[in-house]
Amino acid sequence: MSKISRFLSATGEMSSFGLRAIAAAFVPPYEWAASLQQLEEIGAHSVPLVTAAGFALGIVLTLHTHATLIKFGAVALSPTLQAVSFITELGPLVTALLIAGRVGSGIGAELANLRASEQIDAIDAMSVDSFKMLVVTRVVGCIIAMPLLTLFMDFTSLVGGFISERFSSHMSVTLYVHAAFANLAWSDFLAPTLKTCVFGFIIGSVSSFFGYTINEGSAGVRKAATNSVVLSSLLIILSDVLLVKIIYFFFPGGAL
Amino acid sequence: MSGQPVVEFKQVSKSFGQRKVLDHVSFTVNEGEVLCILGRSGTGKSVTLKLMIGLLKPDSGSVLVGSEDISQLEGDGLAKIRRDIGFLFQSAALFDSFTVGDNLALPVKHFDKKHKSPKQIQTEVEDMLRQVGLEKDVNKLPSELSGGMKKRAGLARALVLNPKLLLVDEPSSGLDRITASEIDELLMKFNTERNTTMIIVTHDVRGARKLADKVAVLDEGNLVGFGTVEELDRSDNGLVRELISESQS
């Protein structure tokens with residue numbers, strides 16, 4: 001019971017920390033340059049990881065489903081299954097978990113190191129707002145980068161799926177694209193892609209919270225990095241359950 | 001040498017959990033003076049500096065910087081006071097991802113961006129780096145600097161806004177005696193040329209005896225000695241005499 005209450009208490013603190021960052025993002029002076037730098041670090045530098053993972057997962061999913069669909073005489077549905085599963089769920093979720101690992105651990109470790117080496121104190125001593133300079137820029141960077149990275153994941157998974165399909169059934173690009181998107185509405189694409197903004201908020205807030213608040217030297221750096229990945233991954237999966245229910249509520253007839 | 005009070009500690013106490021780090025400590029530092037704070041590790045020396053710049057708040061008592069109680073200030077009021085305080089951290093605390101030049105430019109941009117062009121800011125940064133002998137290292141990252149160079153870059157950053165008060169935490173830690181002596185020379189130069197009031201936390205008795213107008217000795221949260229080097233040499237307190245003794249060097 002105490003573990004659950006500690007988890008809920010920590011989640012509350014992190015939510016409040018993240019919401020404080022969102023509120024601070026709208027108050028001048030705006031940290032445009034630092035935010036763009038973070039967007040590049042979080043977004044652009046994650047593209048190779050996300051595209052490679054998407055491509056490989058696209059191939060693997062097609063290989064798995066193809067054999068099963070043949071048994072039911074439904075092999076023509078393979079592109080549809082691929083598109084629906086990736087665009088509505090796998091793409092956003094896998095992207096978020098990958099980014100929680102790559103970026104979340106990085107943010108946690110980097111900020112904890114800045115704290116341990118007194119760099120955050122140095123920023124505060126100059127009356128520069130360290131929260132805005134370090135936390136707000138990272139949370140905003142994560143929120144903006146996540147949907148963009150999800151698009152890369154969706155696209156490359158379909159490319160991987162098509163290549164796999166092409167080798168097994170010689171399907172043309174036109175037919176694959178038509179079959180993939182025939183049953184998808186814009187709401188099936190927009191809502192799941194935009195929900196990744198929430199995942200970005202979780203990754204940015206949780207990892208910044210641990211990095212910014214833990215002050216335990218080199219041990220704190222390890223702790224912040226580990227906690228950032230573990231807790232953001234857990235919260236992403238838990239929040240996904242809630243978000244899927246909300247999307248169902250607003251778009252009940254979707255491909256979901 | 002005895003100008004207006006720049007820093008006044010009045011009955012300041014500070015605890016972390018059950019551990020009392022400062023216990024009703026009072027002292028005054030006047031304009032242009034160099035105060036060296038000595039004491040064994042963990043006796044609240046660095047905490048004293050952090051209280052002076054408002055990074056920590058006292059549990060009781062007041063910390064006057066100029067005429068303002070810095071512990072009561074926040075936001076713009078605190079920023080205005082901090083504009084006149086430079087802080088050289090023990091590790092120099094240069095920002096890893098910034099070049100030396102960008103490290104120095106950050107406080108100038110923050111406080112004077114509206115009044116200075118980028119060219120002016122660059123000139124000021126280069127001029128400050130020249131004064132500490134790092135003019136050729138403006139584009140280097142902190143990771144490319146030696147320990148002594150980092151300290152000099154940190155000192156340049158602390159002084160780039162020409163503060164009235166400079167707080168220095170362990171200027172000689174991790175440095176060989178010659179490099180430590182070079183840092184001491186720089187501190188003396190800025191104290192003489194700019195009349196900057198300095199409060200220096202140190203374990204280096206040789207440096208303290210050379211730099212200090214006054215010395216404060218902290219022990220277990222109490223101020224057990226305060227005065228000139230000569231006065232403390234004659235102190236009744238054995239710990240004070242031992243800490244200030246040249247043989248400690």
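On a 1 Å grid over the protein atoms alone, a cavity is a set of points where a 1.4 Å probe fits but cannot get out, whereas a pocket is an open set with protein on both sides within 12 Å along at least five of seven lines; residues with an atom within 4 Å of a point count as lining. Grid points are joined across faces, edges and corners, and a volume is the space filled by probe spheres set on the points. The model is predicted: local features need pLDDT of at least 70 and side-chain atom pairs count only at pLDDT 80 or more, while totals for chains, interfaces and linings use all residues. Residues are numbered from 1 along each chain as its sequence is written, chains are lettered from A and ligands numbered from 1 in the order in which they are written, and side-chain values use heavy atoms, with hydrogens and water left out.

By this rule there is one cavity of 30 Å³ or more. The largest cavity has a volume of about 150 Å³. Its lining consists of 16 residues, and those nearest the centre are Met126(A), Ile85(B), Gly86(B), Phe87(B) and Ala158(B). Two or more lining residues come from each of H5 of chain A and S6, H3 and helix H5 (147–159) of chain B; helices (H or I, at least four residues) and strands (E, at least two) are DSSP runs, numbered from the N terminus. S6(B) gives the largest share, three residues. By class, the lining of the largest cavity has 12 nonpolar residues, one polar and three charged. Here Ala, Val, Leu, Ile, Met, Phe, Trp, Tyr, Cys and Pro count as nonpolar, Asp, Glu, Lys and Arg as charged, and the others, Gly among them, as polar.

Strand S6 (residues 85–88) of chain B is covered on both faces: Ile85(B) and Phe87(B) on one side, and Gly86(B) and Leu88(B) on the other, are all buried. Buried means under 20% relative accessible area, exposed over 50%, and partly exposed in between (1.4 Å probe, protein chains only). S6(B) pairs with strand S7 (residues 165–169) of chain B in the parallel sense over four bridges, where pairing requires that DSSP find at least two bridges between the strands.

In the loop between H5 and S7 of chain B lies Asn162(B), which is partly exposed, with a relative accessible area of 47%. Asn162(B) and Asp84(B) are 78 residues apart in sequence but 7.4 Å apart in space, C-alpha to C-alpha.

The largest pocket has a volume of about 1,400 Å³. Of its 43 lining residues, Glu31(A), Ala34(A), Val128(A), Met133(A) and Leu106(B) are the closest to the centre. H2(A) supplies the largest share of this lining, seven residues. The lining of the largest pocket comprises 20 nonpolar, 10 polar and 13 charged residues.

A nonpolar core is a set of buried Ala, Val, Leu, Ile, Met, Phe, Trp, Tyr and Cys residues joined through side-chain atoms within 4.5 Å. The largest core has 84 residues, of which Phe9(B), Leu22(B), Met52(B), Leu167(B) and Ile199(B) touch the most other members. Helix H6 (residues 130–169) of chain A contributes the largest share of this core, 12 residues. A second, separate core of 47 residues includes Leu88(B), Ala156(B), Ile200(B) and Val215(B).

Thr156(A) is also placed in helix H6 of chain A. Thr156(A) is buried, with a relative accessible area of 12%. Not counting residues up to four places away in sequence, Thr156(A) touches Val50(A), Thr51(A), Gly54(A) and Phe55(A), contact meaning heavy atoms within 4.5 Å.
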